[in-house]
Amino acid sequence: MQLKIMPKKKRLSAGRAPLMLFLCQMISALEVPLDLVQPPTITQQSPKDYIIDPRENIVIQCEAKGKPSPSFSWTRNGTHFDIDKDPLVTMKPGSGTLTINIMSEGKAETYEGVYQCTARNERGAAISNNIVIRPSRSPLWTKEKLEPIILRNGQSLVLPCRPPIGLPPPIIFWMDNSFQRLPQSERVSQGLNGDLYFSNVLPEDTREDYICYARFNHTQTIQQKQPISVKVISVDELNDTIAANLSDTEFYGAKSHRQRPPTFLTPDGNTSRKEELRGNVLSLECIAEGLPTPIIYWIKEDGTLPINRTFYRNFKKTLQIVQVTEADSGNYQCIAKNALGAIHHTISVTVKAAPYWIIAPQNLVLSPEEDGTLICRANGNPKPRISWLSNGVPIEIAPDDPSRKIDGDTIIFSKVQERSSAVYQCNASNEYGYLLANAFVNVLAEPPRILTSANTLYQVIANRPALLDCAFFGSPLPTIEWFKGAKGSALREDIYVLHENGTLEIPVAQKDSTGTYTCVARNKLGMAKNDVHLEIKDPTRIIKQPEYAVVQRGNTVSFECKVKHDHTLIPTVMWLKDHGELPNDGRFTVDKDRLVVADVNDDDGGTYTCVANTTLDNVSASAVLSVVDVPNPPFDLELTDQLDRSVQLSWTPGDDNNSPITKFIIEYEDAMHEPGLWHHQTEVPGTQTTAQLKLSPYVNYSFRVMAENNLGRSLPSEASEQYLTKAAEPDKNPTAVEGLGSEPDNLVITWKPLNGFESNGPGLQYKVSWRQKDGDDEWTSVVVANVSKYIVSGTPTFVPYLIKVQALNDAGFAPEPAAVMGHSGEDLPMVAPGNVRVNVVNSTLAEVHWDPVPLKSIRGHLQGYRIYYWKAQSSLTRNRRHIEKKILTFQGSKTHGMLPGLEPFSHYTLNVRVVNGKGEGPASPDKVFNTPEGVPSAPSSLKIVNPTLDSLTLEWEPPSHPNGILTEYTLKYQPINSTHELGPLVDLKIPANKTRWILKNLNFSTRYKFYFYAQTAAGSGIQITEEAITTVDEAMASRQVDIATQGWFIGLMCAVALLILILLIVCFIRRNKGGKYPVKEKEDAHADPEIQPMKEDDGTFGEYSDAEDHKPLKKGSRTPSDRTVKKEDSDDSLVDYGEGVNGQFNEDGSFIGQYSGKKEKEPAEGNESSEAPSPVNAMNSFV
């Protein structure tokens, strides 16, 4: 079915403003194609009020289009302007734009006037607005003599500007001779008329260069008024000036300088009127004087000020309402108020309106015999008058057209013919201005044509509206239908929207909306169609958005932005800061998905936005960066309420750098006593900006403040002003008072002196007092300078004293101090401890007891008792020699102590002395005691010499520390068989006076392990271990030698050697054939077990290994209580001392190597087998 054309705004919600704008743009584009006959249309013209620069050529624009191309003509001040007669005026070819060449000659003033352009062709004539040409003017200030202004402090003042009248009006500002703008405030401000108003003057307003400047923007010139001199004087200065130079009548502004309620400097009176045109900016101004400076408030009577259009300027002295409307008319009241009163002024505002369009006439294209209307509807205040023109001629005198009828603001056309084509002008005017609009009526008979390009491709993001264009033209107006696909039916109205300009709207495009759409235009003269194509794309999304970040100044921060998009679209990602471009700074780096900001500073804080753009859509995501840091230092420190012992400190906090201040730290400096050294005073919460500080007398204080937040502490503020407190007597006395004698007849009194801060005044001294504690003596006192020690001489030895040290200065004494106890000097003790007794606990420990000495004999502080003891001689050898004395001290009043670490079986002597702070007293009589026997140490050495077939000789040295009388030696030994196991243990007792012993009846060629230790009455000592091997049987060794020397044996060996040589040759020949070496198998089968490496020790006790590297066995190991031998405790073997097993015997079987006293601990290893060598082994040794 046919989809009917709908009104422009139907089915468009308020939330589709961008779509509305697009459609409006498309509607405005529905124009007559330029290849068709049409009346002229003005496309460009100069503004109605055209102010020109007199230094440049005058260009008056007038451009138009039409078919045929229009011709142009001008009027000036209502009469024809013949440009051909003025050589300075030229018209641009194909255009109506005029250029007046005044730069070469002529003056701009000559060409002032009202110009109007007419564009004409066979179908009609269009006219431009009346263009008023005026050259800009920037006149100089009139020369004037300005007298200096002298006035009292607190008076009001108005400095007039009165700039010259220029075109356009100049912009006014006040500066000094250095071109620096004068500061303005609630007290001093510039009015709308350019005058400078002072509500009240202050001495700092005195200056000689108040200069008003007028800037004429059109000519880019600035004019300067003569400087105005202002001098503000006090009342005393004023009286002297009047008496010397002036009369009362000559004085400027003779008002009182005392405080006064407000009065208005502008406007005058209680009421005033203001008229403004609709759409302009309404500016209302009230400036008041008074002391103190008044504050201005604004209200609207019987109404409220429009919220979004109201602004306050010039410290609320100016009220501005932008885009003013008739509804803004009414009474506005400004109120000036200070502490002494208030005053108000009412401004009655009337809003007038130049004409403005309600419905402007639009071009009308009609086919013959059609009807139509032109509507020209405008409003204004007062209501504008509507007049019509036809082809630039008032319609009343224009050629008659029977098809038209005029009805006020409407022209009605009925059954038009081709001759009805014309351009109509509508003029709406009142006293404030006019509106002029051209609208043509073009009578054409044209079949439909589609202006949109064929096969246009539209790409739309899914779930968004799709707008398919079908710009068309035809007369009469064609009807439009849309189809989808080659054989599709007309699109239904309930799903799609067809707009008046032919555009097809798909409100929510989906993937299945993709395809080809056909637009068909029909009227009675024909039909036209056009295909367009639609593709639906996936929307661009930000799947990883930047996140809020807090970073400390100087650090690095990064924001991430990952984008997902349709694969056929190429996105561009850009970053914005506070909706503008990123700073041009190398600290900002952008890669594919990330923005990194290095060395962050305060200016980097703000909102960072990631914007992903494609040709079809864009998405964005934002994150805020807060730059934090330690606070800035406080400033403006001020001291108030200055008392003798307190002062109030106030300050202004510095910037907290986005991290709230948690506390303020206050420090002080004592410039008198410790200049340059700052001390902690107090702390206050971060919400507090004042602190009541306690002070000490006679201190030259300076204060500084530091702020602290979660990130740390600020730099210190600038120091406050210095404040010197008055002197007072000291508040405290010295501390750490002590009394100790350095000699037996003196008392040294010491104390910790007060520092300069604690002295509270000049002339610090100390009153030192003392007396004996146990006597009735009066206090003895002396005043000393600022020192820390006083010595009292001639005191008895070690007597308790009461001592006081009191501070004083020029202002008086400190509070009475408390007495402390001390003692005069000590002397050496006079008596030795008595009744010394010794109890021997065991062979290395003894306990000593003694009786304490009388306290009076100590003559000092008891430190303790000291025992001197030494070993005098051995109970065994009785050899007398000097022994170094040992000392043990027992603290306090103890009367017994233990002596550890004594040597057994020794003769000791000791004595006891009492100790005080001076030293030791006399020694007690020597006390002698003996320690009992102990177990001996290990024998000093053990050697095994002269091995034979069945015997071994043992030699040893006695223990170096017998620790008693040796009673005997114990020797234990056991064999080690070929499986590395230990045999039965033999126990043998040897007399103590022996140092050599022969063991007989041993097995030949057998390894033995020996355990040897000494004994005293106290028990067995530490054992020492060794190993040795008996020799081989000499007869067997002799037989082995005889066989080796027999001729048959030698012949056999030669035959074997020859056989081996032959086998080697055969092996060499068959080498490449992979033949096996037959002798190798034979050798492997008859290998000598004597030369095979034995299996390694498996870690069990008593087993030995015989590795090929012949590692030595351990020496000096101990036998455990169960008399089994552990591997790690085994003694060194004979291998330690010889060249190896095969080289240890001569031909006669005698042992070559010798033992030594070697005792280093080494891992236990096996040695050669203890079995006797066989004849085969002997033969192998000869080969």
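Are cysteine 470 and cysteine 519 buried or exposed? In this predicted model, both cysteine 470 and cysteine 519 are buried. Their sulfur atoms lie 1.8 Å apart and form a disulfide. The torsion about this S-S bond is about -65°, so the disulfide is left-handed. Cysteine 470 sits in the loop between strands S40 and S41, whereas cysteine 519 belongs to strand S45, and the pair links distant parts of the chain, 49 residues apart.

Strand S45 leads on to its neighbour in the fold. S45 (residues 515–523) pairs with S46 in the antiparallel sense over 9 bridges, and a hairpin joins the two strands through 2 residues. Within this pairing, glycine 515 has leucine 534 as its bridge partner in S46. S46 (residues 526–537) also runs parallel to strand S39 (residues 456–461), to which 6 bridges join it; here valine 460 is partnered by isoleucine 536.

The protein has 6 disulfides. With bonded cysteines counted along the chain, they follow the pattern 1-2, 3-4, 5-6, 7-8, 9-10, 11-12. One of them joins cysteine 62 to cysteine 117, with a sulfur separation of 2.0 Å. Cysteine 62 lies in strand S4 and cysteine 117 in strand S9, so this pair ties together parts that are 55 residues apart in sequence. A disulfide also joins cysteine 561 to cysteine 610, and both of these cysteines are buried.

For the protein as a whole, there are 7 helices and 87 strands. Buried residues make up 42% of the 1183 residues. The accessible surface comes to about 61600 Å², of which 51% belongs to carbon and sulfur atoms.

Methods
Residues numbered from 1 in each chain as written. Predicted model: local features only at pLDDT ≥ 70, side-chain atom pairs only at ≥ 80, totals over all residues. Heavy atoms only, no water. Helix = DSSP H or I, 4+ residues; strand = E, 2+ residues; numbered from the N terminus. Buried < 20%, exposed > 50% of the residue type's maximum accessible area, 1.4 Å probe, protein only. Areas by Shrake-Rupley, 256 points an atom, 1.4 Å probe, with all protein chains shown as cover. Pairing = 2+ DSSP bridges. Disulfide = S-S within 2.5 Å.
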